Amino acid sequence: MADEPTAAAAAAAEADSKPATAALPANEGFEPEIIVFACHYCAYAAADLAGSMRLQYPSNIRMIKLPCTGKLEVIHLLKALEAGADGVYAAGCLEGECHYLKGNLWAKKRVGYVKKLLEEIGVDPGRVEMYNMSSAMGPQFAETAREFTARIRGLGPNPVRPREGFTAHEVVLKQMGDLAMPDDAGSDPTPGS
Amino acid sequence: MITAERKPFDEIYGLTEGHDKVLVAGCDTCVAVCLTGGEKEAEILAAELRIKAKEDGRDVQIEHTAAIRQCEWEYLDAIAAKVEEYPVVLSMACGIGIQSMAEKFAPKLVLPAVNTNMLGMPQEHAVWLERCGACGDCVIGETAGICPVVRCSKSLMNGPCGGSHDGKCEVTTPEKEDIDCAWALIWERLLAQGREELMLVNRPPKNWSKSSSGGPRKMVREEAKPV
């Protein structure tokens with residue numbers, strides 16, 4: 001789904017972004033693998049829109065589609081990091097606009113809890129995040145992807161990254177099994193239909 | 001229900017030091033209901049420990065399992081094959097489950113990953129309050145269904161004391177939250193029941209020998225023993 005960023009776009013993204021820790025080196029050349037748990041009703045559609053609008057965002061983003069971010073559990077975020085993802089974020093609907101009323105608020109709490117767990121084990125809590133957006137926010141989806149990628153590039157590789165290349169996405173998809181929805185952009189927007 | 005809280009991560013991680021194969025064992029009854037030590041929480045702790053160990057360059061194999069109840073031999077049989085593979089078990093069950101596990105698989109090293117804290121009830125989602133001290137001599141028939149043993153900070157049998165103000169105890173929780181005065185609650189409910197004369201009953205000092213002060217307790221139901 002993500003277009004390969006050009007050098008100019010990458011430079012623009014770098015300039016636009018606000019790394020979590022400004023003091024950290026930009027880790028040029030390091031291409032983080034980032035897992036995005038995207039809600040079917042908003043962020044996933046926003047990503048589609050970003051694609052339709054020909055907006056560029058980093059190809060580091062690997063999406064996993066969920067019927068709602070409320071389906072996301074603490075263990076999924078931890079497993080993504082354990083599988084080697086350098087950063088993970090959940091992208092759910094705007095607060096108050098969850099299709100299932102409160103799923104995004106549950107996700108926010110779970111992401112907050114994982115941040116606490118990461119602090120305990122000495123992993124930068126900035127490696128996980130919660131974002132909110134509507135399906136009409138294609139540009140914001142692209143901007144979030146750029147911002148988070150820049151943040152993770154600043155933090156450097158996941159200290160427990162077990163491999164070369166991008167493989168965490170596959171591992172996490174396999175572990176999640178039926179919880180993740182098939183990647184079928186453009187099909188009917190109602191899960192299960 | 002028995003409730004427990006997970007020990008601080010550093011303490012748990014410290015317990016695993018020097019070991020290269022550790023099994024995190026959850027219990028899917030009481031500690032699962034209080035969201036501390038069920039299979040889900042065991043899986044999370046195992047993942048945390050693996051990430052930390054990998055960060056520290058330790059070569060440790062850490063997996064998780066869960067028994068339906070760690071406090072019963074039959075349920076421990078169900079996970080025995082897996083437990084036997086690991087020289088060290090980090091149990092997330094209550095103190096009863098941990099000891100059952102340690103006894104069943106003795107002399108295997110079975111270590112606690114939680115602190116068992118009370119017999120409580122969920123007052124609301126994710127909030128538990130202590131309700132019973134298992135004192136072995138229940139008095140709540142006379143105290144309007146409110147236990148003075150654990151709900152009064154002093155376990156007074158003849159309350160309230162001078163530290164009760166506007167229905168609150170002079171003692172607060174460690175988080176500085178107010179505690180309801182158990183004897184104020186007892187008075188209000190006795191009044192509602194029309195049994196306020198029970199406040200005038202002078203109760204003698206409690207016989208704590210029926211509680212844990214009398215040594216380890218044992219209960220036998222002869223009629224229910226297998227023939």
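User: In this predicted model, what share of the contacts in chain B with a separation of 6 or more comes from residues 24 or more positions apart?

Analyst: The share is 54%, counted over the contacts in chain B with a separation of 6 or more. Here two residues are in contact if their C-beta atoms lie within 7 Å.

User: How does the radius of gyration of chain B stand against that of a compact globule of 227 residues?

Analyst: A compact globule of 227 residues would come out near 17 Å, whereas chain B has 22 Å. The box filled by the C-alpha atoms of chain B is roughly 65 × 50 × 30 Å along the principal axes. The domain assignment divides chain B into domain 1 (2-118) and domain 2 (133-206), and the centres of these two domains, taken over C-alpha atoms, are 37 Å apart.

User: What makes the phi values of A:L101 and B:A144 worth a remark?

Analyst: Most residues other than glycine have a negative phi. A:L101 is not a glycine, yet its phi is positive, near 75°, and A:L101 sits in the loop between β3 (87-92) and α4 (103-120) of chain A. B:A144 is not a glycine either and has a positive phi of about 60°; B:A144 lies in the loop between β7 (127-132) and α6 of chain B.

User: Which peptide bonds are described as cis, and where are their prolines found?

Analyst: As a rule, most peptide bonds are trans. The bond joining B:A106 and B:P107 is cis, with an omega of about 5°, and B:P107 is placed in the loop between α5 (95-104) and β5 (109-112) of chain B. The bond from B:G159 to B:P160 is also cis, with omega near -5°, and B:P160 belongs to the loop between α6 (148-151) and β8 (168-172) of chain B.

User: Why are β3 and β5 of chain B said to stand at the edges of their sheet?

Analyst: The sheet is open and has 4 strands in the order β3-β2-β4-β5 (chain B), with parallel pairing. Because β3 (61-67) and β5 of chain B each have a single partner strand, one side of each is left without a neighbour in the sheet. From one strand to the next, the twist averages 25°. Helix α4 (residues 73-84) of chain B packs on this sheet and touches β2 (21-27), β3 and β4 of chain B, with a direction that makes about 165° with that of β3(B).

User: How do you know that β4(B) and β5(B), and likewise β8(B) and β9(B), count as paired?

Analyst: Two strands pair if there are at least two bridges between them. Strand β4 (residues 88-91) of chain B and β5(B) have 4 bridges in the parallel sense, and B:V88 has B:L109 in β5(B) as its bridge partner. β8(B) and strand β9 (residues 178-180) of chain B are joined by 2 bridges and run antiparallel, with B:T172 opposite B:D178 in β9(B). Both pairs therefore meet the requirement of at least two bridges. β8(B) and β9(B) form a hairpin with 5 residues between them, and B:K176 in the turn has a positive phi of about 65°.

How values were computed: Residues numbered from 1 in each chain as written. Chains lettered and ligands numbered in written order. Predicted model: local features only at pLDDT ≥ 70, side-chain atom pairs only at ≥ 80, totals over all residues. Domains from an automatic or database assignment. Rg over C-alpha atoms; globule rule 2.2 N^0.38 Å. Axes fitted to C-alpha atoms, helices over the stretch in contact; angles between N-to-C directions.
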